[in-house]
Amino acid sequence: MKKVVTIQPITRLEGHGKISIFLDEVGNVKDAYYQVVEFRGFERFCIGRPVEEMPIITPRICGVCPWAHHMASAKAVDAVYGANLPETAKKIREMAYNIFYIHDHSAVFYTLSAPDFVVGPDAPRAERNILGLIGKIGLETGKKVINARMIATRLLEKLAGRAIIPNCAVPGGVSKLLTEDDRKEIEEGAKKLVEFGQFTLKILEDAVLKNQKYLDLIMGDVYKHATYYMGLVDGKGLVNYYDGKIRIVDPKGRIYAEFHPKDYLNYIGEHVEPWTYLKFPYLKNLGWKGIVDGEASGVYRVGPLGRLNVADGFATPLAQEAYENFKETLGKPAHATLGYHWARVIEILNAAERVLELSRDPDITGKDFRVPLTDTPSEGVGVVEAPRGTLIHHYKTDQDGILTNVNLIVATTHNNAGICMSVKKAAQQLISYGKISDGLLNMIEMAFRAYDPCLACGTHALPGQIPLDVRIYDTNGRLVAEIKRP
Amino acid sequence: MVENFEPNIVVFACNWCSYAGIDLAGTSRVQYPHNLKVIRVMCSGRINPVYILEALANGADGVLVTGCHPGDCHYISGNYKTRKRMLLLDKLLEQFGIEKGRVRLEWISAPEGERFANIAKEFVEQIKKLGPNRIAEKLKEEVEVV
Amino acid sequence: MNKPKLAIIPGANCAGCDYSLLDLGEKIIEVLMSVEVAYWPTAVDLKLEDLERLPDGSIDIVLFEGAVNNDETKEMAKLARRKAKNLIAFGACACFGGIPGLANFASKDGLLQKAYVKSLSTINQQGTVPCKLTRLDGEELTIPELLETVKSLNQVVDVDYYLPGCPPPLKLVDEVLTAALSGKLPPKGTVFGSMKSVCDECKHIREEKRITEIKRYHQSIPDPEKCLLEQGIICMGPATRGGCDAVCLTVNVPCRGCMGPTPESQDQGARMLSALSSVIGLEVETGMSDEEIRKIILQIKDPLGIFYRYSLPRSILRRVWGVRE
Ligand code: SF4
Ligand code: SF4
Ligand code: SF4
Ligand code: FES
């Protein structure tokens, strides 16, 4: 009695994805595959393009995190020309990028994560969405959330013409300078965003720390994977989204490697499977051992959890305080996949604090916002922390600055093996001897959602749920069962 | 080279000089190849690059653009514009993967009937060497039946 | 009373078009209150079968987002057409192929080989490439197969309206939704946007100057008051339909043409070629030789990739022919 369970559409990365679960003869989970079904081929079709065009082309890789590609791309072009950016340019970029973090992380938190544990993981499905959330925390609060998002949107438009698919960074700097009026507006907005960050953190901490059930769920084995972690850290070893060195820690939390982003090829390799368009990055020196966790496997994870696990803390006071609490509760490194949500919220606060700091920096209204790039171009790597994890853009050009080679490793790709493992583990707990328990969808969904695998999934704004549909077929392709929501 | 390949060639000619020259070649019975389809326009400056692209997409094996010699355009600068367009179009077509030499620009004045005939012959030979333009068929395969 | 039905159906997209709907703020809530959402995988929990079950022609407004690049997105396009009363190409990808349409610079094999075999970080001695059907211990896993050539929506099915932009300007989205919901859609085939070019909406001052040098965007910092093209920086404004309020130019970034060709031109690159030709050169051109002109023109890097940045699949020649990888 071989069965196949297909869950589709699960989500999208470069498009859409699906999960297929295969049962063995007795009806237990044999394998689970997370398949990405879309591919557009940027690495090939960018070859031949002038390298300075990349910060405009690559945001179209993903409309949910266009800013991450925009920044990584601009940094890579700077590197191709060996450019030294004026302080003003660097700071405007970092400030804009931190605003984007708030814009993105808060959408993810309120639409995807919060319904699970604020309303409660075992609340009726019909309530586990943004409407249920508002019911629980009150309409006033709901308005606060929308308001914060609108502030972030407006500030991004100010800096980049538009909030989605931006024109902020240009090779050698930023597209325009900031006036004192702009600065004031950003400072005012940032104050409100810091408050919003604190408020969001409180919602989460109250919900998690006062709800033993949820805490158990987080700490439980279903959602745990002892893997390596990767993320950027600044000169002091603290979390930084825009710049720094790449640090990798092992499953025990010891620093495994720390290196300049340009050396990433010495550490990361990518494995290819024929059944998915998403590659599997792994630590090269440990080798590809398959989709498994543990110290011997080269599988590592990135994203909010990855960043908190590699760094020694945060550079801003409120976030640092929250981080201490996080560490005390989940340990370090925190292997609990659901810790992603908590980490994400701390990052909202950190990003807001950083925006406020930068908006008060005298350099931010400097006149030196851009330098022409005139040296002979050759090769460059640009790395930022996308909200979902480390994002690597690597370009090589001829003497004319025409691209001859492009390599991209996007955040969700690093997490590919992690996502596959989490899905399989959750499925194994919930399917036995052909019996598929009711919580299956929910548990798989929670496992999957923690990574926020890019996604347009961040915009499951309305019901706040990833559409799931599990259909079970027998070997003759006959539909024998269907689990579907609501 | 493809056996018995008779290329299909489109010639754009400005009314004032080039068309007159081609006409002269005809009336004075200078021999020129019969596989040319001559399209008369008022001035070479009026030849929209779209016409050339369309010709190629619809199966022309070669396109010859002609105009008055520099300085002689009846609209003063039409042919200067043409010159720039054609130089840029060359580059674009190269990137499109169209073989060099399928599209050519020549200045032909009214009395140059014989010169036109020679250019035409030579161009036909050149296109024969390049072989047929296959894009039209392939484009047709691409077009879905809606 | 029955509410009108709305569906958003994805093809080869980045989701930026429908994600940007969130920035409509209260308007989107208003819209969602007045329609019944029949399908919108990024926002609403409805399945493909729910969509398939609806009678043909029963969805009042279908926004198709993305280009058509594989067998699955092609099927989605056909399904969208069957179910739609009004099918709207939503965004540059659906209208003209968009950025994913740049894949027409390469061959299907070239795209796959580069990403999975020849990428700098891939370790893949066997040369494994994702493929339509994989058998693993008798289990079958399938993923879609790429088409040879990326297409715009209207190259696969009949399209009623076009809403260009990458992503489309919100005021145009608003216009479309308002028109559709009040039953006041313009004639079939209408492209939402301005009847004029981006230049008409641009605040940079034009002086009808000629240029003798092309500058690349990273090499020089343009005067923020003056027309970029007249400063020698390639700007697609003259060949591009307005409607975006020249938003890129407000931050001094040259237009790259995401609104597609101007109304009177069918091929954006050919239009740009003409526009650029009239700007290049001297006032008195007898003063320049072919060689001098050629030199200026050779300074334009990658004209195909810039002139057709968002519209290669919709261009007359559609793709690069005879690609050698
Ligand atoms: S048109 Fe632009 S924003 Fe819309 S899906 Fe395509 S790339 Fe994304
Ligand atoms: S060419 Fe560009 S900069 Fe100049 S007016 Fe047009 S849109 Fe503005
Ligand atoms: S200025 Fe050009 S590239 Fe920018 S939004 Fe408008 S049409 Fe698109
Ligand atoms: S009239 Fe002959 S080229 Fe202008």
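**Entry 1: ligand 1**

I sorted the shell around ligand 1 by class and found six nonpolar, four polar and two charged residues. I counted Ala, Val, Leu, Ile, Met, Phe, Trp, Tyr, Cys and Pro as nonpolar, Asp, Glu, Lys and Arg as charged, and the others, Gly among them, as polar. The model is predicted: local features need pLDDT of at least 70 and side-chain atom pairs count only at pLDDT 80 or more, while totals for chains, interfaces and linings use all residues. Residues are numbered from 1 along each chain as its sequence is written, chains are lettered from A and ligands numbered from 1 in the order in which they are written, and side-chain values use heavy atoms, with hydrogens and water left out.

I then looked up where ligand 1 lies, and the place is between chains A and C. Its shell (residues with a heavy atom within 4 Å) includes Arg60(A), Cys14(C), Cys17(C), Glu65(C), Cys93(C) and Cys166(C). Two elements of chain C, α1 (16-20) and α5 (92-96), each give two or more residues to this shell. I took helices (H or I, at least four residues) and strands (E, at least two) as DSSP runs, numbered from the N terminus.

**Entry 2: ligand 3**

I noted that ligand 3 also lies between chains A and C. Among the residues around ligand 3 are Arg162(A), Cys244(C), Cys248(C), Cys255(C), Arg256(C) and Cys258(C). By class, I recorded eight nonpolar, two polar and two charged residues in this shell.

**Entry 3: chain A against chain C**

I looked up the contacts (heavy atoms within 4.5 Å): 97 residues of chain A meet 85 residues of chain C. The buried area (accessible area, 1.4 Å probe, lost on putting two parts together and summed over both) is about 7,700 Å², and carbon and sulfur atoms give 58% of it. On the side of chain A, Arg44(A), Tyr277(A) and Arg370(A) lose the most area to chain C, together 10% of what that side buries.

Which side chain meets Arg256(C) in a salt bridge? I found Glu53(A), at 2.8 Å, N to O.

On the side of chain A that touches chain C, strand β3 (residues 29-36) gives the most, with five residues. I divided that side into 45 nonpolar, 23 polar and 29 charged residues.

Methods. A salt bridge is a side-chain nitrogen of Lys or Arg within 4 Å of a carboxyl oxygen of Asp or Glu.
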